[in-house]
Amino acid sequence: QMAVGDKIRLAREEAGLTQGQLAKKIGTHASAISRIEDADYDAHSMKTLQAVADALGLLLMIDLVKPPVPLKRR
């Protein structure tokens with residue numbers, strides 16, 4: 001599966017937008033879009049993800065699935 005950041009980058013590129021243009025659409029800075037698109041970044045807020053999805057004309061979907069190995073309970 002593709003990381004969320006990679007999906008956002010591909011969708012942004014398909015929309016013909018630069019990081020700066022997408023940032024302006026959602027009221028943030030290009031550096032924030034760069035962080036969001038980093039595959040290692042995992043601190044996405046729901047609010048930001050929804051704003052990106054809206055700006056790109058996408059549907060934000062959250063899914064819960066069983067992991068391949070059991071997760072430790074906290």
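**Figure 1. Accessible surface and overall make-up of the protein chain.** The accessible surface of the protein chain comes to about 6100 Å², and carbon and sulfur atoms account for 54% of that surface. Accessible areas come from the Shrake-Rupley method with a 1.4 Å probe, and for residues only the protein chains shown count as cover. The model is predicted: local features need pLDDT of at least 70, side-chain atom pairs count only at pLDDT 80 or more, and totals for chains, interfaces and linings use all residues. Residues are numbered from 1 along each chain as its sequence is written, and side-chain values use heavy atoms, with hydrogens and water left out. The protein chain has four helices and zero strands, in the order α-α-α-α along the sequence. Helices (H or I, at least four residues) and strands (E, at least two) are DSSP runs, numbered from the N terminus. Along the principal axes, the C-alpha atoms fill a box of roughly 40 × 20 × 20 Å. Of the 74 residues in the protein chain, 20% are buried (buried means under 20% relative accessible area, exposed over 50%, partly exposed in between, with a 1.4 Å probe and protein chains only).

**Figure 2. Helices α1 and α3.** The axes of α1 and α3 are 7 Å apart and the helices pack at an angle of about 125 degrees. Axes are lines fitted to C-alpha atoms, for helices over the stretch in contact, and angles run from 0 to 180 degrees between N-to-C directions. The two helices are therefore oblique to each other; angles under 35 degrees count as roughly parallel, over 145 as roughly antiparallel, 65 to 115 as roughly perpendicular and the rest as oblique. On the α1 side the contact (heavy atoms within 4.5 Å) is made by Gly 5, Asp 6, Ile 8, Arg 9 and Arg 12, and on the α3 side by Ile 33, Ile 36 and Glu 37. These residues divide into three nonpolar, one polar and four charged. Ala, Val, Leu, Ile, Met, Phe, Trp, Tyr, Cys and Pro count as nonpolar, Asp, Glu, Lys and Arg as charged, and the others, Gly among them, as polar.

Figure 3. Arg 12 is found in helix α1 (residues 4-14) and counts as buried, at 8% relative accessibility. Glu 37, in helix α3, is buried with a relative accessible area of 8%. A polar contact of 2.5 Å links the side chains of Arg 12 and Glu 37 (a pair of N or O atoms within 3.5 Å; within protein, one must be able to donate a hydrogen and the other to accept it, and residues adjacent in sequence count only if both atoms are side-chain atoms). A polar atom of the Arg 12 side chain also lies 2.8 Å from the backbone oxygen of Leu 17. The side chain of Glu 37 makes a further polar contact, of 2.8 Å, with that of Gln 19.

**Figure 4. Helices α2 and α4.** The axes of α2 (residues 19-26) and α4 come within 9 Å and cross at roughly 110 degrees, which makes α2 roughly perpendicular to α4. Leu 22, Lys 25 and Ile 26 of α2 meet Ala 51, Val 52, Ala 55 and Leu 56 of α4. The contact residues comprise six nonpolar, no polar and one charged.

**Figure 5. The loop at Ala 43.** Ala 43 is found in the loop between α3 (30-37) and α4 (46-56). With a relative accessible area of 47%, Ala 43 is partly exposed.
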